[in-house]
Amino acid sequence: MIYFKKKVLYCFIAHQKTHKNVLKKINNLIYPAICVVGGSNNYFDGKTLYVDSNDNYDGLPEKVFKALIEITKIDELNNFSHICKLDEDMEIKRLFPQQALRNINYGGNVQYSDGDRFWGMDKFSTNSKFSNNPYEGPFVPWCRGGYGYLISRKAINQIKKITVNFYNEPYEDLLIAKLLHKKNIYPKKIDNLDKYIYSRNHQ
């Protein structure tokens, strides 16, 4: 059987105020990477993907979901089979092995139990209902966003037409997992994930 080489695009989720610092990091990398920030429209300049979304903490679910969809529409990025979602503080240590990429549509540091329903309450803006109320929606097994995760182009194409009410979704990592769950795509644990991508804030 002939296998086509899988390629990963590293996608750093940033904010307007940290945009320049993240670009400096990307320019020093030997790996293909882009920066994503919120803006007033969707636009890709070759290094930064501006997404029509709230750029605050409570805008993360919309920003990440829309960024994944926009990446699949950009011709110059169509040779990447997987997206690796990273927080802006994260580091890339080495490439994921081809065998892992062939077997993963969605993978990372997987949590199978319910999360903290009060998580991040102090970070939400005052017009978010989660600034004063816990998340009361469902949990499904999900890849914890602070550790970074892989999602394939194939998986993104399965969820990109789903309508999302972002007002009811406080957590980007859980949102992506719930959407994939609807399409029977479940997270796979990547052993020794920190050998490939690493966050000092999540060890």
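How many of the 11 residues of helix α5 are buried? I will start there, and note that what we are looking at is a predicted model.

The count is 9, so α5, residues 172-182, is largely enclosed by the rest of the structure. The buried ones are Glu172, Asp173, Leu174, Leu175, Ile176, Ala177, Lys178, Leu179 and Leu180. Among the elements that cover them are two helices, α2 at 60-73 and α4 at 153-159. The cover also includes strands β5 (82-87), β7 (106-108), β9 (142-143) and β10 (149-152). Just past the helix, Asn184 has a positive phi of about 60 degrees.

Next, the sheet. It is open, has 8 strands and shows mixed pairing, in the order β3-β4-β2-β1-β5-β10-β7-β11. At the edges are β3, residues 43-44, and β11, residues 188-189, each of which pairs on one side only. Within the sheet, β2 (residues 33-39) runs parallel to β4 (residues 48-52), with 5 bridges between them. Gly39 sits opposite Asp52 of β4.

Helix α2 packs on it and touches β1 (8-13), β2, β4, β5 and β10; the angle between the directions of α2 and β4 is about 120 degrees. Helix α5 also packs on the sheet, where it touches β5, β7 and β10, and its direction is about 35 degrees from that of β10.

Now two single residues. Arg153 belongs to helix α4. Beyond the neighbours within four places in sequence, the contacts of Arg153 are Ile71, Thr72, Leu77, Asn78, Phe80, Ser81 and His82.

The other residue is Lys93, in the loop that joins β6 (91-92) to α3 (98-103). Is Lys93 buried or partly exposed? Its relative accessibility is 43%, which means that Lys93 counts as partly exposed. Setting aside neighbours within four places in sequence, Lys93 contacts Tyr31 and also Asp194, Lys195, Tyr196, Ile197 and Tyr198. From Lys93 to Lys47 the C-alpha to C-alpha distance is 20 Å, with a separation of 46 residues in sequence.

To go back to the opening question: 9 of the 11 residues of α5 are buried, and α5 packs on the sheet against β5, β7 and β10. That is all I have.

How values were computed
Residues numbered from 1 in each chain as written. Predicted model: local features only at pLDDT ≥ 70, side-chain atom pairs only at ≥ 80, totals over all residues. Heavy atoms only, no water. Buried < 20%, exposed > 50% of the residue type's maximum accessible area, 1.4 Å probe, protein only. Helix = DSSP H or I, 4+ residues; strand = E, 2+ residues; numbered from the N terminus. Contact = heavy atoms within 4.5 Å. Pairing = 2+ DSSP bridges. Axes fitted to C-alpha atoms, helices over the stretch in contact; angles between N-to-C directions.
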